[in-house]
Amino acid sequence: MAEDDLRTRVQLHKAQSQNTKWLEGPGVWTIYIFIVVGVRILFAGWFNPSLAWTVMNCVHSVATFLAFHWVKGDPYETTHGGFHQKLTLWEQLDGGVQFTSTRKFLMLVPVGIYLLTSHYTNYHAQSLLINTAAFLFVLVPKLPFMNKRRLFGINKD
């Protein structure tokens, strides 16, 4: 009985969450880039160029942190018996396998935004500090050593 339970849990862990399958759809990466560029163009109408890049970096960091690393659960819990209910979207992504093409893409977008932001703010010290903090805020949770870790018990079950 215990062996069957263990086998079932291993299969559930390997099974990909229905919550993340949309990230593998055709054109999702392109749409994501278009959204990022569109938001940046929108900010260009309200702010000067260097401030628009900084706001873009901060908004992207907060939005993706909340979407990928804060919200937990799977609205399709019946498909996996609630196995993914205590996992964030990032932890559910690709069945928990690290460094897949989707995960690499989702790590490279903040890197690209950070590099562009740093360049267009002319590496101004105050802007660089703000942008680096926003960048690390979204990059560090994506690293393998942070998988299923909750800092200071925040957002723990």
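1. Along the sequence, the protein chain of this predicted model follows the pattern α-α-α-α-α-α. The chain contains six helices and zero strands.

2. Overall burial and surface. The protein chain has 157 residues, of which 37% count as buried. As for contact range, when contacts between residues at least 6 apart in sequence are considered, 65% of them join residues at least 24 apart.

3. Helices α2 and α5. Helix α2 covers residues 28–44 and helix α5 covers residues 101–120; their axes come within 12 Å and cross at roughly 15 degrees. Because angles under 35 degrees count as roughly parallel, α2 is roughly parallel to α5. The crossing of these two helices is right-handed. On the α2 side, the contact is made by Trp29, Tyr32, Ile33 and Val36. On the α5 side, the contributing residues are Ser101, Thr102, Phe105, Leu106, Val109 and Ile113. By class, the contact of α2 with α5 comprises eight nonpolar residues, two polar residues and no charged residues.

4. Helices α5 and α6. Helix α5 also packs against α6, with an angle of about 180 degrees and axes 10 Å apart. Since an angle over 145 degrees counts as roughly antiparallel, α5 and α6 are roughly antiparallel to each other. From α5, the contact draws on Met107, Pro110, Val111, Tyr114, Thr117 and Ser118. From α6, it draws on Leu128, Asn131, Thr132, Phe135, Val138 and Leu139. Eight nonpolar and four polar residues make up the contact of α5 with α6, and no charged residue takes part.

5. Helices α3 and α6. Helix α3, residues 49–70, packs with α6 at an angle of about 15 degrees, the axes being 8 Å apart. The pair is therefore roughly parallel. The crossing of α3 and α6 is left-handed. In α3, the residues concerned are Thr54, Asn57, Cys58, Ser61, Val62, Thr64, Phe65 and His69. Their partners in α6 are Ser127, Ile130, Asn131, Ala134, Phe135, Phe137 and Val138. This contact of α3 with α6 divides into eight nonpolar, seven polar and no charged residues.

6. Asn131, Phe135 and Val138 are among the α6 residues in the contact with α5. Asn131, Phe135 and Val138 are likewise among the α6 residues that meet α3.

7. Backbone of Asn122. Asn122 has a positive phi of about 55 degrees although it is not a glycine. Asn122 lies in the loop between α5 and α6, the latter helix spanning residues 125–139. Is this residue buried or exposed? Asn122 is exposed, its relative accessible area being 65%.

8. Backbone of Tyr123. Tyr123, another residue other than glycine, has a positive phi near 55 degrees. Tyr123 is found in the loop between α5 and α6. With a relative accessibility of 52%, Tyr123 counts as exposed, because the class begins over 50%.

Methods:
Residues are numbered from 1 along each chain as its sequence is written. This is a predicted model: local features need pLDDT of at least 70, side-chain atom pairs count only at pLDDT 80 or more; totals for chains, interfaces and linings use all residues. Side-chain values use heavy atoms; hydrogens and water are left out. Axes are lines fitted to C-alpha atoms, for helices over the stretch in contact, and angles run from 0 to 180 degrees between N-to-C directions. Helices (H or I, at least four residues) and strands (E, at least two) are DSSP runs, numbered from the N terminus. Angles under 35 degrees count as roughly parallel, over 145 as roughly antiparallel, 65 to 115 as roughly perpendicular and the rest as oblique. A crossing is left-handed if the near helix is turned anticlockwise from the far one by less than a right angle, and right-handed if clockwise. Contact means heavy atoms within 4.5 Å. Ala, Val, Leu, Ile, Met, Phe, Trp, Tyr, Cys and Pro count as nonpolar, Asp, Glu, Lys and Arg as charged, and the others, Gly among them, as polar. Buried means under 20% relative accessible area, exposed over 50%, partly exposed in between (1.4 Å probe, protein chains only).
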